[in-house]
Amino acid sequence: ALLDKIILAKLKVPETTYVFFYFFFVAILFITILLFTNQTKTFLTSLKKSYKFILAVSVATIIFRYTQFLAIKNSDSVAMVISLKRLSVFFATIIGGTLFHETHLLRKTIATIIMLIGSALIII
């Protein structure tokens with residue numbers, strides 16, 4: 001978040017450009033991992049089955065990151081933005097754990113609550 005603040009506010013890089021390059025390098029990293037782990041066939045099979053869901057999550061992620069970068073650029077407190085980001089991790093843990101029937105969901109939820117409390121303590 002601090003590096004984002006420097007790039008967006010101090011170096012005055014436009015948010016749209018930053019979001020583009022951010023996800024461009026994430027895509028390169030993801031493709032590299034797929035190629036080196038020989039999981040390409042499995043990925044393509046699951047992509048065919050659930051492309052609508054993946055597309056919806058992708059669009060939501062881009063919107064989330066864009067608004068996060070706007071908040072970092074326009075906010076005086078980077079810690080506030082980080083705590084809001086942790087709040088989204090809390091909801092992702094609960095919703096994702098329910099959707100994918102993860103084990104130990106209560107333990108993971110408590111861990112994210114501890115993260116939220118820590119983020120709030122940083123702001124205070």
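# Questions about the model

Mentor: Let's begin with K12, which is found in the loop between α1 and α2. This is a predicted model, in which local features need pLDDT of at least 70 and side-chain atom pairs count only at pLDDT 80 or more, while totals for chains, interfaces and linings use all residues. Residues are numbered from 1 along each chain as its sequence is written, and side-chain values use heavy atoms, with hydrogens and water left out.

Trainee: Why is K12 called exposed?

Mentor: Exposed means over 50% relative accessible area, buried means under 20%, and partly exposed lies in between (1.4 Å probe, protein chains only). K12 has a relative accessible area of 63%, so it counts as exposed.

Trainee: What makes the phi of K12 worth a remark?

Mentor: Its phi is near 55 degrees, a positive value in a residue other than glycine. Most residues other than glycine have a negative phi. H101, in the loop between α5 and α6 (105-123), also has a positive phi, about 50 degrees, although it is not a glycine. At 69% relative accessibility, H101 is exposed too.

Trainee: How do you know how many helices and strands to count?

Mentor: Helices are DSSP runs of H or I with at least four residues, strands are runs of E with at least two, and the numbering starts from the N terminus. The chain comes to 6 helices and 0 strands, giving the pattern α-α-α-α-α-α along the sequence.

Trainee: What makes a group of residues a nonpolar core, and which residues form the largest one?

Mentor: The members must be buried Ala, Val, Leu, Ile, Met, Phe, Trp, Tyr or Cys, joined through side-chain atoms within 4.5 Å. The largest such core has 5 residues: I7, L8, Y18, V19 and F69. The elements giving two or more residues to it are α1 (2-10) and α2. The buried residues of α1 are D4, K5, I7 and L8.

Trainee: How do you know which residues Y18 is in contact with?

Mentor: Contact means heavy atoms within 4.5 Å. Leaving aside neighbours within four places in sequence, Y18 is in contact with D4, I7, L8, V13 and F69.

Trainee: Why do Y18 and F69 count as an aromatic pair, and what sort of pair is it?

Mentor: Rings of Phe, Tyr and Trp (its six-membered ring) pair if their centres lie within 6.5 Å; planes under 30 degrees apart are stacked, over 60 edge-to-face, and the rest tilted. By this rule there are 8 aromatic pairs. Y18 and F69 are 4.7 Å centre to centre with 70 degrees between the planes, and the pair is edge-to-face. Y18 lies in helix α2 (residues 15-37) and F69 in helix α4, so the pair ties together parts that are 51 residues apart in sequence. Both residues are buried.

Trainee: What sort of pair do F20 and F21 form?

Mentor: Their ring centres are 5.2 Å apart and their planes are at 80 degrees, so that pair is edge-to-face as well. F20 is exposed at 52% relative accessible area, whereas F21, at 41%, is partly exposed. Y18, Y22, F23 and F69 form one aromatic cluster.

Trainee: How do you know that R65 has no salt bridge?

Mentor: A salt bridge needs a side-chain nitrogen of Lys or Arg within 4 Å of a carboxyl oxygen of Asp or Glu. Lys and Arg count as positive, Asp and Glu as negative, while His and the chain ends are not counted. For R65, the nearest side chain of opposite charge is D4, 6.4 Å away, and R65 is buried. R65 belongs to helix α4 (residues 51-74).

Trainee: What makes R65 and Q68 a polar contact?

Mentor: A polar contact is a pair of N or O atoms within 3.5 Å; within protein, one must be able to donate a hydrogen and the other to accept it, and residues adjacent in sequence count only if both atoms are side-chain atoms. The side chains of R65 and Q68 meet the rule at 2.7 Å. Not counting residues up to four places away in sequence, R65 touches Y22, F23 and K85.

Trainee: Why is T93 called buried?

Mentor: T93 has a relative accessible area of 15%, so it falls on the buried side. T93 sits in helix α5 (residues 78-99).
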